[in-house]
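The sequence and the model are shown first.

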Amino acid sequence: MLLALALLSAIAPLATDMYLPGLPALADDLGTSTSAIQLTLTTFMAGLGIGQLIVGPLSDGWGRRRLLLSGTAVFAVSGLLCALAPTVELLIAARLLQGLSGGAAIVLARAVIADRASGDQAAKLFSILMIIGSVAPVLAPVLGGALLDPIGWRGIFWVLTGTGILMVVAVLTVIPETLEPARRHGGGLAAHAHNMRYVLGNRRYVGYALTFVFGFGALFSYIAASPFVVQDVLGLTAGQFSVVFGVNSLGLMAASIVNTRLLGRFHARQMLRFGVLLLLAAGVALTAESTVGSADRAVVLPLLFLIPVAIGFTMGNATALAQSKVRKAAGTGSAVMGAGQFGLGALVSPLAGGSAAGMAISILVCGSVAVLALFALARPSRDPAATGEPGAAGVASERVASEQSSA
């Protein structure tokens, strides 16, 4: 079941990165401009955000499984439409549909875990989901480049169609309905508005959600700008950049694995606090090196490595803690986080630019907001039983107990 949910969560990087190597050939075949082809990516990203905002709240009233089946089936059909599109206009429309259905898969995968688990158990599951899902953005461009020559860009969309069919089979066979009828809310706009008020009115949820969103913003700043920084500023080749990116991705996976192993000993909030403080420290050091220093590769490359490592301690824990605050509307909570995630990702990409200073400042700003959100909005209650988290005294006692156990 977790593997199936990881496949659903990984559909965004698969559908984004696999066809990127074929964009020049795609423009030539359809006889259109580069800017028009870029719209196929823009509309897909927009669909991811909109789809989550629509389907997440709907699932709180209708349940998860039938929307998952519908979303994955539409994703498969949209892949077919992309593969057969005779014009760029039809391709853009098909990509929007693909984004909407892909957003449904992502938001419902998170909601299913929130239905089944809470607290440290949920944090472990989200971290495992992140470990599996983090393989996709590493392999997708490599796989797309390998497939481009033998099957072309249309063949890549046929592969995505097959992936959609595989997702349908996975939902049918291993993912049950996780939201019982007794826990569902009535449908209609009034119910959706009520759920949205319930979610956004929870201070701690908003704090954790902002920590999640701006943590992803820091990661996306690194992803969007690092190709230019590593090659143009640091002077590495494209092949060397691939090695750097792969090593950093392994750092993200390793940090996520360590996070899951430590969650039995430390609370998810403690692990999250470590992650965002590490992210902020790396952002401060990277900004100082890129604006005041000489942008030496011996300094910049290790700092770039710390960014995904910090995210490995951030995303899964922030997701679990946020969802634990709004379990009565987990679909809506997941939708708000997903829409914010991809919305901010689209915003920071041009802001980070291709300079070391732009990337560093974007990471610093995102890391600062994540820290403020965690320590100001998501601060734990003095009554740990009310929140499922350790309060200030609880954290201290956990730390003392850990030290005594180590001794």
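Val371 is buried, at 12% relative accessible area, in a model that is predicted. The residue belongs to helix H16, which spans residues 356-377.

**Surroundings of Val371**
- Beyond its neighbours within four places in sequence, Val371 is in contact with Val276, Leu277 and Leu280.
- The C-alpha atoms of Val371 and Leu279 lie 8.9 Å apart in space, although 92 residues separate the two in sequence.
- Val371 counts as buried because its relative accessible area of 12% falls under the 20% cut-off.

**Packing of H12 and H14**
- Helix H12 (residues 268-291) packs with helix H14 (residues 315-325) at an angle of about 135°, and their axes are 9 Å apart.
- The crossing of H12 with H14 is left-handed.
- On the H12 side, the contact is made by Ala268, Arg269, Met271 and Leu272, and on the H14 side by Asn317, Ala318 and Leu321.
- Sorted by class, the contact of H12 with H14 has 5 nonpolar residues, 1 polar and 1 charged.

**Cysteines**
- The disulfide count is 0, taking a disulfide as a pair of cysteine sulfur atoms within 2.5 Å.
- Cys82 is buried, with a relative accessibility of 0%.
- Cys366 is also buried, at a relative accessible area of 4%.

How values were computed:
Residues numbered from 1 in each chain as written. Predicted model: local features only at pLDDT ≥ 70, side-chain atom pairs only at ≥ 80, totals over all residues. Heavy atoms only, no water. Buried < 20%, exposed > 50% of the residue type's maximum accessible area, 1.4 Å probe, protein only. Axes fitted to C-alpha atoms, helices over the stretch in contact; angles between N-to-C directions. Helix = DSSP H or I, 4+ residues; strand = E, 2+ residues; numbered from the N terminus. Left-handed = near helix turned anticlockwise from the far one by under 90°. Contact = heavy atoms within 4.5 Å. Nonpolar A, V, L, I, M, F, W, Y, C, P; charged D, E, K, R; others polar.
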